[in-house]
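Visitor: Please take one part of this model and look at it closely. I want the geometry and the contacts in one connected account.

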Amino acid sequence: YVPSDDPDTAHRAYAEGVQRYLGLARKMNWEIDLSAIDFNVAAEMGRAGHSADEIVRAMMAVSPNIRERHPGTHDYAWRTVEAAMRGQGRERESEWEEER
C-alpha cells in the first residue's frame, strides 16, 4: 500500500477501518465506542503512512455521527490523531505540526 494525497484513498481507508472495528465489536458483543474506533483507525492509518492531515480530513468526513458526538469536531479530530500518532512515537511538534 502506498498512501497518496487523494482524499478518496484516505476516506476509503477510514471507512474500511470503521467497518472492521464495528464488525469486531458486534461479533464480540462489545459496547460500541465510536471514539475508541476513531483512535484505533487513526493509529492504523498513521502506521500505513497516511499524514495527520489526511487522517483528520477522513475522520471528519467519514466517522459516524462525528459532528453530533463532538461539536468541536475539528479540534476533536486533531486531538485524536495527535494521541494516536504519539502512541507510535511520532511527536506532533517535530513531525507534523505544520500540517495543522
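Guide: Start at Asn65, which lies in the loop between H3 and helix H4 (66–69). Helices here are DSSP runs (H or I, at least four residues), and strands are runs of E with at least two; both are numbered from the N terminus. The model is predicted: local features need pLDDT of at least 70, side-chain atom pairs count only at pLDDT 80 or more, and totals for chains, interfaces and linings use all residues. Residues are numbered from 1 along each chain as its sequence is written, and side-chain values use heavy atoms, with hydrogens and water left out.

Phi of Asn65 is near 50°, a positive value in a residue other than glycine. Most residues other than glycine have a negative phi. Asn29 also has a positive phi, near 60°. Asn29 sits in the loop between helix H1 (7–27) and H2. Its relative accessible area is 71%, so Asn29 is exposed (over 50%; buried is under 20%, partly exposed in between, with a 1.4 Å probe and protein chains only).

Two packed helices are described by the angle between their axes and the distance between the axes. Axes are lines fitted to C-alpha atoms, for helices over the stretch in contact, and angles run from 0 to 180 degrees between N-to-C directions.

Take H3 (residues 52–62) against H2 (residues 34–47). Their axes come within 10 Å and cross at roughly 145°. The crossing is right-handed (the near helix is turned clockwise from the far one by less than a right angle; anticlockwise is left-handed). Contact means heavy atoms within 4.5 Å. On the H2 side are Asp38, Ala42, Met45 and Gly46; they meet Ile55, Ala58 and Met59 of H3. By class, that contact has 5 nonpolar, 1 polar and 1 charged residues. Ala, Val, Leu, Ile, Met, Phe, Trp, Tyr, Cys and Pro count as nonpolar, Asp, Glu, Lys and Arg as charged, and the others, Gly among them, as polar.

H3 also packs with helix H5 (residues 73–86): the axes come within 9 Å and cross at roughly 135°. This crossing is right-handed too. H3 supplies Ala52, Asp53, Ile55, Val56, Met59 and Met60. H5 supplies Thr73, His74, Tyr76, Ala77, Trp78, Thr80, Val81 and Met85. The classes are 10 nonpolar, 3 polar and 1 charged.

In H5, the buried residues include Tyr76, Trp78 and Glu82.
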